[in-house]
Each structure stands twice: as structure tokens, then as C-alpha cells.
Amino acid sequence: MLRILTYNVHRCLGLDGQLSPARIAEVIASCEADIVALQEIDVRRARTRSVDQAQAIAEELCMHFHFHPAIRVMEELYGEAILTHRPSKLVKAGPLPSWGSKKILVEPRGALWASVNLNGTEVQIINTHLGLRGPERLRQVDALLGPEWLGARAACEPIIVAGDFNAIPRSHVYRRLTSHLNDAQSSLTCRRQQPTYPARAPFLRIDHVFVSCKVEVFKAETIKTPLARVASDHLPLVVDFGFVA
């Protein structure tokens with residue numbers, strides 16, 4: 001059985017005001033995941049003491065990583081990372097379409113795609129963090145489902161798409177995604193679906209793992225340890241899976 005974790009780490013700033021990549025790594029380490037998809041990672045940003053958080057967390061976990069900066073200001077970066085101790089290669093990293101006007105500043109969004117070898121099977125992992133506005137998210141999902149990403153020749157099964165989608169299950173964005181992929185939590189009809197945000201008293205299910213037909217989900221749960229409830233403003237979502245023959 002294999003395991004993926006998706007986690008919006010809120011630039012490693014906890015709800016107690018403590019800034020600690022090591023604490024985030026401790027939460028992740030307790031899950032023993034094969035693949036880790038992180039969002040809101042700071043790299044060399046002054047606000048987080050100029051630490052390369054992707055590298056710091058990967059070193060704590062003895063993993064290698066791929067990173068994509070959705071935001072780049074001089075040497076300061078902010079974006080998504082995929083970590084794993086399995087053989088992997090970067091397939092694509094790039095921006096997703098934004099939506100706004102000159103009067104409304106919108107945070108740039110992006111996605112990161114890595115191919116990870118899991119016991120001889122090449123699995124396509126896409127990690128993303130979608131925008132805060134509905135029209136923006138719809139444009140971004142359409143891009144992910146289009147020819148540059150999931151519609152690309154390299155996007156062959158099995159496929160896992162993980163991240164912070166800022167979209168609840170009743171949303172148009174969620175329904176658009178589930179018309180092409182399966183929601184890992186919804187695949188387990190016998191279990192109550194678990195929200196991920198906010199960490200201390202979660203009631204919104206906005207962090208998701210979506211899988212293609214050749215991925216079988218065995219378990220999906222949020223991590224609710226005392227440390228996880230304070231290390232970030234989101235809870236991590238962990239999914240155990242295998243492959244359909």
C-alpha cells in the first residue's frame with residue numbers, strides 16, 4: 001500500500017504565531033507518506049527569515065523535492081512543492097490563468113507535475129493551489145484539464161491530482177474535476193468525509209486528492225493530532241492507495 005499527503009502549510013506559520021518548518025516536517029513524518037504535496041511554501045522570503053522551506057522540510061524528511069514558484073519577487077519565491085523518497089522527475093511546472101482587473105490584484109497561481117516511480121509504476125502527480133474567486137478557479141481547472149496538463153500526451157494513467165482547491169464539494173470547480181477524476185474521500189462510501197480547514201475546528205473540505213480510474217483508494221483521513229492542529233491553518237489530508245490491475 002502507498003500513501004500520499006497533501007498539506008497547505010501556511011508558510012510554516014502556526015496558529016500560535018510560531019514559524020517552524022521543523023514542526024511541519026514532524027507532522028509529515030508521523031504520516032510516513034511516499035509522496036508529499038505542499039502548498040504555500042516560502043523560499044528565501046524575508047517574512048519567513050529567508051529560509052528555503054522546501055529544502056528545509058525535505059532535508060528533515062530525507063526526501064528530495066521539486067518546487068514551483070507561483071510568485072517570484074527578485075530572489076523571494078512562494079509556491080508548491082512535491083517531496084518524495086522514491087525516484088522522480090519533473091515533468092512540468094508553470095502558472096495557471098488568473099482572473100481580475102487593474103483594480104483587483106489577484107495572487108498568481110500555479111501547478112507542479114512530477115512523475116514518481118512507485119514500485120515500478122510511473123505515477124503522474126500534479127500539485128496545485130487554486131485561487132480565491134469562483135471564476136478564477138474555473139479558468140484554472142479548465143487549464144488543468146486542458147492540453148497543457150491532464151490532456152497532454154504524457155498524462156497517462158495512473159494520475160493523482162492533489163492540493164488546496166479552495167473549493168467545497170458542492171462547487172462548480174469540484175464537479176468539473178470529478179467529471180474527469182475520482183475524489184479520494186468520496187471513493188470511500190462507508191466513511192464520513194473529513195474537512196481540512198480551519199485546523200483547530202475544521203468545517204470546510206477544500207483540500208482534496210483526486211485520482212484516475214487506475215488508482216484504488218483504501219483509506220483517506222485528515223491528521224488531527226495536537227501538533228497538526230496548531231502547525232498550520234490547514235490539516236493535512238492523507239490517502240492510502242494502490243493500483244488497479
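In which loop is Pro158 found?

**View 1. Two cis peptide bonds sit next to prolines.**
Pro158 lies in the loop between α3 (134-145) and β8 (159-164); helices (H or I, at least four residues) and strands (E, at least two) are DSSP runs, numbered from the N terminus. Everything you see here is a predicted model, in which local features need pLDDT of at least 70, side-chain atom pairs count only at pLDDT 80 or more, and totals for chains, interfaces and linings use all residues. Residues are numbered from 1 along each chain as its sequence is written, and side-chain values use heavy atoms, with hydrogens and water left out. Most residues other than glycine have a negative phi, and most peptide bonds are trans. The bond joining Glu157 and Pro158 is cis, with omega about -5°. Look as well at the peptide bond from Tyr197 to Pro198, which is cis with omega near -10°. Pro198 belongs to the loop between β9 and β10 (207-211).

**View 2. Glu32 and Glu40 each have a positive phi.**
Start with Glu32, a residue other than glycine whose phi is near 55°. You will find Glu32 in the loop between α1 and β2. Its relative accessible area is 67%, which makes Glu32 exposed (buried means under 20% relative accessible area, exposed over 50%, partly exposed in between, with a 1.4 Å probe and protein chains only). Now move to Glu40, which is not a glycine either, yet has a positive phi of about 60°. Glu40 is part of strand β2 and counts as buried, at 15% relative accessibility.

**View 3. The largest pocket has Glu40 among the residues nearest its centre.**
The space in this pocket comes to about 210 Å³. On a 1 Å grid over the protein atoms alone, a pocket is an open set of points with protein on both sides within 12 Å along at least five of seven lines, a cavity is a set of points where a 1.4 Å probe fits but cannot get out, and lining residues have an atom within 4 Å of a point. Grid points are joined across faces, edges and corners, and a volume is the space filled by probe spheres set on the points. Of the 17 lining residues, Glu40, Tyr78, Glu107, Arg109 and His129 lie nearest the centre. The lining divides into 5 nonpolar, 5 polar and 7 charged residues (Ala, Val, Leu, Ile, Met, Phe, Trp, Tyr, Cys and Pro count as nonpolar, Asp, Glu, Lys and Arg as charged, and the others, Gly among them, as polar).

**View 4. A search of the whole structure finds 1 cavity of 30 Å³ or more.**
Rolling a probe the size of a water molecule over the atoms shows where empty space is left. The largest cavity has a volume of about 30 Å³. Its lining is made by Gln185, Leu188, Arg191, Arg192, Gln193, Gln194 and Ala220. Sorted by type, these are 2 nonpolar, 3 polar and 2 charged residues.

**View 5. Helix α2 (residues 53-61) has buried and exposed residues.**
Which residues of helix α2 are buried? They are Gln53, Ala54, Ile57, Ala58 and Leu61. Seen down the axis of α2, they fall within an arc of 125°, so they line one face of the helix; the arc is that of the directions from the helix axis to the C-beta atoms. The face turned away from this buried side carries the exposed residues Glu59 and Glu60. The buried residues of α2 pack against α1 (21-29), β2 (35-43), β3 (64-73) and β4 (76-84), where contact means heavy atoms within 4.5 Å.

**View 6. Strand β1 (residues 2-8) pairs with β12 and with β2.**
Strands of a sheet pair through backbone hydrogen bonds, either parallel or antiparallel. Two strands pair if DSSP finds at least two bridges between them. Strand β1 runs antiparallel to β12 (residues 237-243), joined by 5 bridges, and Thr6 stands opposite Leu237 there. With β2, the pairing of β1 is parallel over 5 bridges, and Ile4 faces Ile35. In β1, 6 of the 7 residues are buried, so the strand is largely enclosed by the rest of the structure.

**View 7. An open sheet of 6 strands shows mixed pairing.**
Follow the strands in the order β5-β6-β7-β8-β10-β9. The edges are β5 (88-96) and β9 (182-183), each pairing on one side only. Within the sheet, β6 (residues 109-118) and β7 (residues 121-129) are antiparallel over 8 bridges.
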